[in-house]
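Dear colleague,

Please find below the structure that I am handing over to you. My notes on it follow directly after.

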Amino acid sequence: MTTPHPAPYKEPFFTPDPKSAARSRIADFARWAARHQNAEGIQDPTDYRALHHWSVTDLEGFWAAVWDYFDIDATTPYERVLAEETMPGARWFPGTTLNYAHHALRNLRPDAPAITALDETGVGYEITGRELRARVASVAAGLRDLGVGQGDRVVGYLPNTPHAIVAFLATASLGAVWSVCGQDYAPKAAADRFAQLEPTVLIAADGYLFNGTTHDRCAPSLELAAALPTLKATVLVDHVGLAWPKRVGSGLMLPWEDLATRAEDLTIAPVSFDHPLWVVFSSGTTGLPKGIVHGHGGVLLEHLKTLGLHTDLGTGDRLLWYTTTHWMMWNLVVSTLLTGATTCTYDGSPAPQARPDVLWELAARHKVTVFGTSPQYLLTMAKIGIEPSVHDLSAIRVVGCTGSALPASAYPWVRDHVGADVQLASTSGGTDIVSGFAGSASTTPVWAGELSAPSLGVALAAYDTTGAPVLDQLGELVVTRPMPSMPLYFWNDSDGSRYRDAYFGAYPSVWRHGDWITLTSHGSVIVHGRSDATLNRNGVRLGSADIHDAVERLPEITEALVIGAEEPDGGYWMPLFVVLAAGARLDDSLRERIREAIRADASPRHVPDEIIAVSAIPHTKTGKKLEVPVKRLLQGAPAEQVLNPAAVDNPDLIAYFACLGAERKNRP
């Protein structure tokens, strides 16, 4: 039995200005496709649903249009757009050779900023298009001298600064493979990822900033280098001005300046469409993190579609999206360069105690047009009383939001405190495709609490328990036709079994992502949370995000986590864990208001059995709530079998939930 979503909002919360929508790049693309690709059904270029329908019914026509519209500069032409439509194993654009790095550098204006480097102190600097190209050429030559060639791996232990972008583009230009993680990962956690790749070069920074503190990562960087026996060299980046040890080990160690300050011409190696570009890793909460491999061509086309069409980025735009280097949003932020727009890096806390509104301040100062963040950030801004509009945010036209389901309560706050004409674009995707399955565009309306539409080229469906597609009803998020940015393979998965099991085990030849969604009759998408963390009480299923949304609207609650745990005796225990705001107390009155909020805004059948105050909620390093691991801990599973502490933002919390689970398991 499933729970249908309540009747949709009668009117959209936000409707694009018709003139602005008609001038957008996605509308221009629709006109172009109708003229040059004979795109069927597109009468009005601002009719997103018609454009999306064509994009998923004529995959070859759509992706050929993206290729031509963005003038992909291939060294050799392709033989066909989609040679084999299979999942997994689709063969896109066989025969062609190209390079992502060439496209990232070709549209930059020589004397305009390509990268604006920012940090939580408000200090920043700019790198022009000409300077970026010169630095990439220099580092590429340096890597080549260190023995890096096509197919070799270069890894970065770096914060979100221009060094990471330069190193990545230099690596890609050689046809080598890039991977990066942030320095809040311990050396062992980083080695769990990088050692799988057997890298040739490590690039590591001396430290990073966070919440008013400079974190020294010199010793951890060298510890990581020692754990990677295949290294030919380690490149040391002076980012925060700390002194590297004089004796740094037996391997070759050299300063970043030796690579980045040479006068070199940039030579870019053409590679096949499906040549590996980077390896991004799963959160690694259980076992070793999975290395997910994406190709040059698939990422190039997917990110041009996402950023050029959906986000409407182009020359003169500036994007500031808070991310760390180990979150797939970093990969998308780098791809801003593909559109000719300026990308902003940011080192620090999104809301440092001394300057909690610093991101809004920086967005105003640098005339940011697309501001990206997470639901938790927007909710925190509202609860601590930040007023973004004291800054001149007139340049912002889109606030992007991803990482988890965005509650409906955030939409009025953005309208009232950022700008009435600003589109709040909630998106949902994953590291798996380094992009989104659903989101918004300049031509889509927005309903509060909903994602505007499936993304172009994404054949999105919601399947019920029988594997049948459903509308206006909770179902599994599936994709029924291939996308160019689906993984090439998992690293060290020679027979492809782990890859197939991850996405195609439930429905052969159909991608199952692991989220609960509702596709609405007015075209939007509602994300309810992970399907493996479904709340199934008496046969009635509900997504955890619906509970979190209802509870986190209360001013006394900073964050919430609800768990539905099946018990050995056939019982079902559903506790709700809450983090209280400063000065709040979990008394009987607050407990009753929490229950009433859930009854009224989520489901009267899913009122929790217990409400428990905790100091914090555990997350992955990329900020996702650890629902399934906590559920298993509460069911009494040993912590060492459930998750890897190195993948958790606050490992001390594991012991609390493990102890609670053990107590329940041992009850008579």
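I begin with a pairing in the sheet: glycine 439 has alanine 453, in strand 23, as its bridge partner. Helices (H or I, at least four residues) and strands (E, at least two) are DSSP runs, numbered from the N terminus. Please note that this is a predicted model, in which local features need pLDDT of at least 70 and side-chain atom pairs count only at pLDDT 80 or more, while totals for chains, interfaces and linings use all residues. Residues are numbered from 1 along each chain as its sequence is written, and side-chain values use heavy atoms, with hydrogens and water left out.

Strand 22 (residues 435-439) runs antiparallel to strand 23 and is joined to it by two bridges; two strands pair if DSSP finds at least two bridges between them. The open sheet to which they belong has three strands in the order 21-22-23, with antiparallel pairing. Strand 21 (428-430) and strand 23 (453-454) are the edge strands, each with a single partner strand, so one side of each has no neighbour in the sheet.

Helix 6 covers residues 129-145, 17 residues in total, and its first and last C-alpha atoms are 24 Å apart, close to the expected 24 Å at 1.5 Å a residue. That expected span is 1.5 Å times one less than the number of residues. Several residues of helix 6 are buried, among them Leu132, Val136, Val139 and Leu143; buried means under 20% relative accessible area, exposed over 50%, and partly exposed in between (1.4 Å probe, protein chains only). Glycine 147, which follows helix 6, has a positive phi, near 100 degrees.

Valine 398 belongs to strand 19 (residues 398-401) and counts as buried, with 12% relative accessibility. Leaving aside residues up to four places away in sequence, valine 398 touches Thr369, Val370, Phe371, Val422, Gln423 and Ala425, where contact means heavy atoms within 4.5 Å. From valine 398 to asparagine 160 there are 238 residues in sequence and 22 Å in space, C-alpha to C-alpha.

Finally, the cysteines. The structure contains zero disulfides, a disulfide being a pair of cysteine sulfur atoms within 2.5 Å. Cysteine 344 is in no disulfide, and the nearest cysteine sulfur, that of cysteine 401, lies 18 Å away. Seen from cysteine 401, the closest cysteine sulfur is that of cysteine 344, and 18 Å is too far for a bond. Cysteine 344 is buried, at 0% relative accessible area, and cysteine 401 also counts as buried, at 0% relative accessibility.

With kind regards
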